[in-house]
Amino acid sequence: MNQNEFVQLIAPFKDKVFRLAKRLLVSTEEAEDATQDILVKLWNKNESLSGYASVEALAMTMTKNHCLDQLKAKRSSNLRIVHNNYTDREPSLQQKVEDNDSLHWVAKIIDQLPEQQRMIIQLREVEHYEFEEIAKLLEMNETAIRVALSRARKTIREHMLKTHRYGTV
């Protein structure tokens, strides 16, 4: 496989690799480094990539494992998932402030979720992966993914309701 073929192969998913790394590592610089490391590892395997059913799934699994290894090496237990995939058509300033506040609260709530639920929320709600893909990446069964996702959503919903009802009951 030559360089151009490799670039064409990874182009569709290299941004996903970066976004997953950014979600797990928080720092843009660390995420860029992790992405580069993963792409170098893929390049080193370029002759055997045709043997994989999905190079994207391989890259995402490598990214997840690489980032978790980095976090363990730093003895950091604070995985942070920030939902910034939000767009709106010219909302009012008040709406922007309220939305930013809500996103802040959701991020804080997600930070408090167990690691597995944080990963599932990231992959399903932010990256829009299918349950089957998440199950392969996390080496879990699809039913367990659905249950964990449901519990995570319920926790987020309950905390947000409690936050928004503060002082009104």
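Contact here means heavy atoms within 4.5 Å. Keep that in mind for helix α7. One caution: this is a predicted model.

So, α7. The helix covers residues 131–138. Which of its residues are buried? Phe 131, Ile 134, Ala 135, Leu 137 and Leu 138. Looking down the axis of α7, these buried residues fall within an arc of 165 degrees, so they line one face of the helix. What covers them? The cover includes α4, residues 55–73, α6, residues 115–126, and α8, residues 142–164. After α7 comes Glu 139, with a positive phi near 55 degrees.

Now the charged side chains. The whole structure has 7 salt bridges.

Glu 132 pairs with Lys 136, closest N and O atoms 3.6 Å apart. They sit 4 residues apart in α7, so about one helical turn separates them. Glu 132 is partly exposed, at 45% relative accessible area. Lys 136 counts as exposed, at 59%.

Next, α6 and α8. Glu 125 bridges to Arg 153, with the closest N and O atoms 2.2 Å apart. Glu 125 is in α6 and Arg 153 in α8, so the pair ties together parts 28 residues apart in sequence. Glu 125 is partly exposed at 32%. Arg 153 is partly exposed at 36%.

Last, α4 again. Lys 16 meets Glu 56 in a salt bridge, 3.2 Å from N to O. Lys 16 belongs to helix α2, residues 14–25, and Glu 56 to α4. This pair links distant parts of the chain, 40 residues apart. Lys 16 is partly exposed, at 24% relative accessibility. Glu 56 is also partly exposed, at 24%.

How values were computed. Residues numbered from 1 in each chain as written. Predicted model: local features only at pLDDT ≥ 70, side-chain atom pairs only at ≥ 80, totals over all residues. Heavy atoms only, no water. Buried < 20%, exposed > 50% of the residue type's maximum accessible area, 1.4 Å probe, protein only. Helix = DSSP H or I, 4+ residues; strand = E, 2+ residues; numbered from the N terminus. Arc of directions from axis to C-beta. Salt bridge = Lys/Arg side-chain N within 4 Å of Asp/Glu carboxyl O.
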